[in-house]
Amino acid sequence: MLLGSHVGMSGKEMMLGSVKEALSYGADTFMLYTGAPQNTKRKEVSELNIPAAQALMEEHGMRKFIVHAPYIINLANTVNAETYDLAVMFLQKEIERTAAMGSDTLVLHPGAHVGAGEDAGIASIVKGLNEVLTPECKVHIALETMAGKGSEIGNRFEHLARIYDGVKWNDKLRICMDTCHLNDAGFDVKNDFEGILKQFERYFPLNQIACIHLNDSKNDQGAAKDRHENIGFGTIGFDALCGVTRIKEFADTPIILETPYREIGGSADKLAPYKLEIAMLRSGMFDPKLFD
């Protein structure tokens with residue numbers, strides 16, 4: 001299995017610091033944002049310290065990592081033309097940055113139709129992807145499964161299939177499957193993940209899943225709220241999530257934790273839980289006392 005987590009990228013070390021953080025968790029993959037996910041402020045590619053980061057990855061046999069596009073990209077917005085135009089422009093730049101950093105996967109939230117309706121939103125997503133994807137593109141856009149909060153698109157596999165059907169160069173598309181989002185969208189992750197994969201295969205082969213966001217949920221199935229919880233502490237539970245990591249088809253698929261920071265070992269500050277969670281998932285044993 002390839003297990004990792006979201007990591008930061010800042011300061012002088014930039015991407016090198018990201019790799020070091022991932023290694024400190026015992027990870028063999030990771031996911032990062034190229035800058036703050038809430039804005040468009042970005043450093044030049046030349047300032048990201050990419051060669052040093054890639055050298056450290058090679059030294060430790062770390063072959064794959066994922067880039068996540070910022071939340072501000074909303075290709076589904078047909079209500080505000082400026083929002084759509086910004087999304088297309090910035091997504092193109094994120095594709096270029098992702099390629100320069102050495103990743104072939106850029107995770108993207110499909111978007112929210114903000115009241116215009118699913119059909120209009122999906123058509124707008126298709127239009128935007130057709131503007132940025134070309135036969136020469138070296139990066140796959142991995143559309144993330146969503147919880148269905150508000151007017152989000154992507155809480156049903158049918159939405160993603162319709163996007164694939166409309167995109168000319170859809171060989172450049174992939175899927176990012178988020179377990180918390182699936183649960184909150186109404187899928188039975190806790191008891192029947194195999195059944196979810198069978199539903200998925202009505203639309204796509206499993207090899208279209210480029211990465212998995214492995215998160216527990218604070219919410220009951222179908223709540224449509226999207227609130228992540230630490231592995232084993234939520235409504236999905238450890239056994240079901242650990243089982244996802246053992247699926248043979250995902251042996252070479254990056255599995256990324258996006259669980260919240262929490263108080264660990266009596267710390268007054270909330271700390272990253274990823275080293276503990278990765279260790280538990282590898283061992284197959286849930287031990288909540290590790291967090292005390």
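The second largest pocket of this predicted model holds about 290 Å³ of space. A pocket is here an open set of points, on a 1 Å grid over the protein atoms alone, with protein on both sides within 12 Å along at least five of seven lines, and lining residues have an atom within 4 Å of a point. Grid points are joined across faces, edges and corners, and a volume is the space filled by probe spheres set on the points. The model is predicted, so that local features need pLDDT of at least 70 and side-chain atom pairs count only at pLDDT 80 or more, while totals for chains, interfaces and linings use all residues. Residues are numbered from 1 along each chain as its sequence is written, and side-chain values use heavy atoms, with hydrogens and water left out.

The lining of the second largest pocket comprises 19 residues, and Lys64, Thr105, Ile209, Ala210 and Pro254 lie nearest its centre. By class, this lining has seven nonpolar, six polar and six charged residues; Ala, Val, Leu, Ile, Met, Phe, Trp, Tyr, Cys and Pro count as nonpolar, Asp, Glu, Lys and Arg as charged, and the others, Gly among them, as polar. The largest pocket contains about 500 Å³ of space. Its lining is made of 25 residues, with Tyr33, His68, Tyr71, His109 and Glu258 nearest the centre. Ten of the lining residues of the largest pocket are nonpolar, nine polar and six charged.

Histidine 213 is part of strand β7 (residues 209-214); helices (H or I, at least four residues) and strands (E, at least two) are DSSP runs, numbered from the N terminus. With a relative accessibility of 0%, histidine 213 is buried, where buried means under 20% relative accessible area, exposed over 50%, and partly exposed in between (1.4 Å probe, protein chains only). Neighbours within four places in sequence aside, histidine 213 is in contact (heavy atoms within 4.5 Å) with Met31, His68, Val107, Glu144, Cys176, Met177, Asp178, Thr179, Ile256 and Glu258. Histidine 213 and glycine 4 are separated by 209 residues in sequence but by 9.7 Å in space, C-alpha to C-alpha.

Cysteine 176, one of the contacts of histidine 213, is buried at a relative accessible area of 0%. Its sulfur is 3.5 Å from the closest cysteine sulfur, that of cysteine 211, which is too far for a bond. Cysteine 211 is accordingly in no disulfide, a disulfide being a pair of cysteine sulfur atoms within 2.5 Å. Cysteine 211 is likewise buried, at 0% relative accessibility. The structure as a whole holds zero disulfides.

The largest nonpolar core has 82 residues, and those with the most contacts inside it are Leu91, Leu129, Ile141 and Phe193. A nonpolar core is a set of buried Ala, Val, Leu, Ile, Met, Phe, Trp, Tyr and Cys residues joined through side-chain atoms within 4.5 Å. Helix α3 supplies the largest share of this core, seven residues. Another core, of eight residues, lies apart from the largest one and includes Met31, Ile66, Cys176 and Ala210. In soluble globular proteins, nonpolar side chains tend to be buried together.

In helix α1 (residues 15-24), the buried residues are Met15, Leu16, Gly17, Ser18, Val19 and Ala22. Their cover includes β2 (29-32), α2 (50-59) and α3 (81-101). Alanine 53, in helix α2, touches Met15, Leu16 and Val19, not counting residues up to four places away in sequence. Alanine 53 is buried, at 0% relative accessibility. From alanine 53 to methionine 89 the separation is 36 residues in sequence and 27 Å in space, C-alpha to C-alpha.

Methionine 14 counts as buried, at 5% relative accessibility. At 25% relative accessibility, asparagine 49 is partly exposed.

How values were computed: On a 1 Å grid over the protein atoms alone, a cavity is a set of points where a 1.4 Å probe fits but cannot get out, and a pocket is an open set with protein on both sides within 12 Å along at least five of seven lines; lining residues have an atom within 4 Å of a point.
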